[in-house]
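Welcome to my notebook. I jotted down what I looked up, one topic at a time.

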Amino acid sequence: MKILLITPNFFDYPKLISDELKSMGHEVDWFDDRPSTNPFIKAIIRINKDTINSVIRQYFNRVMQSIGNKKYDKVLLVSGQSLSFTEDMIVQLRKTQPQAEFVLYQWDSVANFPYIDTVEKHFDRCYSFDRDDVASHPRWKFMALFYSRKYEEIGKRRPSNYKYDVLFVGTAHPKKYRFISEMSKKLKPVFPKQFIYFFFPSRLVYVYRKLRNPEFKHAKYSEFHFTSIKGAELDQLFADSRCILDSPQDGQLGLTMRVLETLGAKRKIITTNKDVVNYDFYDERNVYVYDGTFDFDSPFFKEDFTDIDESIYRKYSLRSWLTELLGE
């Protein structure tokens, strides 16, 4: 099967997805869903992409030239707030690939990315990681995110002594920064060995957040980093950690990628997302929902990670996720 894959160039997810598709026997051409990963371009796309329409059009034309006369069986768009292509561009792409099935997977909530309502009608099948969005879109089907093989490999290594009790690596969104900082402080008595890494894509974004968001009023510059951790370094941090901290953005009901990666790595997780209790992998020994307080007598703090049923575990693998998207 020939597949055109369009996703954000986000950490190593494009390569992980492409490699898994190839291992399943498919041919894959991948393209970024925006013209650049430059922090300024990324910010403009989220705020008002109309101001750089010419840049987006030039990039889209280059994509179309690269595709040339190729004919694909599937066009997979994994969409989020970074999607820069206009509705006209989606229509143009569809006209050049009339034989292909167009499949959309939405991994940001509509509340954070309402533009998706404009283009979803041009897809044959639509999926979302957010139950609320699925409930309000009759054509959409719910499907959680995934963990890749590298987290499965981490899950096979469960040391008796961990280097870190608690790990957080992620972008310092206002709500996320507030809750992760709060949890980190309250966990110190039972989980003293902590690795907390708040990331900003640039110092300009830090200044903007510092001036605009009350969550950062008392934040110190030294708390933040401007280089992202990824690849082998992040994998090792996961392997060295007993528990992962998680907090989704405002307006998001769907589970973050981090929750599924933690499941794959067979590590414990503490999250502020209350909807996690509705998933079939939920176990109070492995998952703790933070609502402002901690109960240190909970089984979560008293027992080690407990394995879940293998069929449920495999259900959230990248291969299973792709199998569903491809309609196989």
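Grid points are joined across faces, edges and corners, and a volume is the space filled by probe spheres set on the points.

This is a predicted model, where local features need pLDDT of at least 70, side-chain atom pairs count only at pLDDT 80 or more, and totals for chains, interfaces and linings use all residues. Residues are numbered from 1 along each chain as its sequence is written, and side-chain values use heavy atoms, with hydrogens and water left out.

**Entry: the cavity**

I searched the whole structure and found one cavity of 30 Å³ or more. The largest cavity holds about 70 Å³ of space. Which residues line the largest cavity? I listed Val259, Thr262, Leu263, Arg267, Ile269, Phe281, Asn286, Val287 and Phe305. I sorted this lining into six nonpolar, two polar and one charged (Ala, Val, Leu, Ile, Met, Phe, Trp, Tyr, Cys and Pro count as nonpolar, Asp, Glu, Lys and Arg as charged, and the others, Gly among them, as polar). Helix α11 (residues 257-265) gives the most to the lining, with three residues. Helices (H or I, at least four residues) and strands (E, at least two) are DSSP runs, numbered from the N terminus.

**Entry: the sheet**

I traced an open sheet of six strands, paired in parallel in the order β2-β1-β3-β4-β5-β6. Two strands pair if DSSP finds at least two bridges between them. At the edges I found β2 (27-32) and β6 (140-142), each pairing on one side only. Strand β5 (residues 125-128) pairs with β6 over three bridges, in the parallel sense. There, Cys126 has Trp140 in β6 as its bridge partner.

I then looked at helix α1 (residues 13-23), which packs on the sheet and touches β1 (2-7) and β2. Contact means heavy atoms within 4.5 Å.

**Entry: two helices**

I compared helix α3 (residues 53-67) with helix α4 (residues 87-96): they pack at an angle of about 10 degrees, with axes 12 Å apart. Axes are lines fitted to C-alpha atoms, for helices over the stretch in contact, and angles run from 0 to 180 degrees between N-to-C directions. α3 and α4 are therefore roughly parallel to each other (angles under 35 degrees count as such). On the α3 side I noted Ile56, Arg57, Phe60, Met64 and Ile67, which meet Met89, Gln92, Leu93 and Thr96 in α4.

Terms used:
On a 1 Å grid over the protein atoms alone, a cavity is a set of points where a 1.4 Å probe fits but cannot get out, and a pocket is an open set with protein on both sides within 12 Å along at least five of seven lines; lining residues have an atom within 4 Å of a point. Angles under 35 degrees count as roughly parallel, over 145 as roughly antiparallel, 65 to 115 as roughly perpendicular and the rest as oblique.
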